[in-house]
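Let's take a friendly walk through this structure, one topic at a time. Keep the viewer open as you read.

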Amino acid sequence: MKQALKLTVARFIFGFLGLFSLSAMAASPLTNTSANQSRVQADAGWHKADPKRVCMVTNMEFPRDQIPVKVKDTTYYGCCENCKERLGKDEAVRQAVDPISGKTVDKAKASIAAGPDGAVEYFENDANLKKFIASQK
């Protein structure tokens with residue numbers, strides 16, 4: 001009986017310590033950085049995005065810089081080799097429509113807003129970006 005009780009107590013202590021260390025690791029800023037950043041962005045709602053972190057083919061924001069693609073004197077960004085190739089070859093992929101003005105904009109020269117899910121919108125200027133963000137609240 002004493003042996004069974006000791007075994008139960010030992011299991012409880014080791015189980016508790018295991019859960020404690022797992023929860024400490026999950027809360028650590030050094031682990032799971034992209035999940036933490038995604039959570040912060042989701043809480044923040046729409047925000048101005050850094051173009052270097054946007055794949056301009058998938059129109060998604062990422063937690064790290066994307067692959068730069070130079071077309072003439074302009075730099076676009078893609079998330080993979082396929083996106084890199086499409087940006088280099090397809091002019092239509094390098095353009096978007098500003099949802100406020102309805103004008104076509106060059107993605108590399110646009111102001112970019114990213115939503116809580118990582119999707120992005122492109123704007124001809126910061127004023128339109130701010131109008132859009134205000135309308136999303």
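## The sheet and its helix

In this predicted model, strand β8, residues 111-114, runs antiparallel to β9, and 4 bridges join the two.

Stepping back, the open sheet has 3 strands in the order β1-β8-β9, with antiparallel pairing. Its edge strands are β1 and β9 (120-123), each of which pairs on one side only. As background, strands of a sheet pair through backbone hydrogen bonds, in either a parallel or an antiparallel way.

## The chain as a whole

How many helices and strands does the chain have? There are 4 helices and 9 strands, and along the sequence they follow the pattern α-α-β-β-β-β-β-α-β-β-β-β-α.

The chain has 137 residues, and 30% of them count as buried. Among contacts in the chain with a separation of 6 or more, 42% come from residues 24 or more positions apart.

## An aromatic cluster

Searching the whole structure turns up 2 aromatic pairs.

F123 counts as buried because its relative accessibility is 0%, and F132 is buried with a relative accessible area of 10%. Together, W46, F123 and F132 form one aromatic cluster.

## A charge over a ring

Y76 has a charged neighbour to look for. The charged end of R94 sits over the ring of Y76, 5.7 Å from the ring centre.

C80 is in no disulfide, and the nearest cysteine sulfur, that of C83, is 3.7 Å away. For C83, the closest cysteine sulfur is in C55, at 3.6 Å, which is too far for a bond, because a disulfide needs the two sulfur atoms within 2.5 Å.

C80 is partly exposed, with a relative accessible area of 30%, whereas C83 counts as buried at 4% relative accessibility.

## Two positive phi angles

Which residue in the loop between β2 (54-55) and β3 (60-61) deserves a look? It is N59, a residue other than glycine with a positive phi, near 55°. N59 counts as partly exposed, at 24% relative accessibility.

K72 is found in the loop between β4 (67-71) and β5 (74-78). Phi of K72 is near 55°, a positive value in a residue other than glycine. Is K72 buried or exposed? K72 is exposed, with a relative accessible area of 79%.

Definitions and conventions:
Residues are numbered from 1 along each chain as its sequence is written. This is a predicted model: local features need pLDDT of at least 70, side-chain atom pairs count only at pLDDT 80 or more; totals for chains, interfaces and linings use all residues. Side-chain values use heavy atoms; hydrogens and water are left out. Rings of Phe, Tyr and Trp (its six-membered ring) pair if their centres lie within 6.5 Å; planes under 30 degrees apart count as stacked, over 60 as edge-to-face and the rest as tilted. Buried means under 20% relative accessible area, exposed over 50%, partly exposed in between (1.4 Å probe, protein chains only). A charge sits over a ring if NZ of Lys or CZ of Arg is within 6 Å of the ring centre and within 35 degrees of the ring normal. Two strands pair if DSSP finds at least two bridges between them. Contact means heavy atoms within 4.5 Å.
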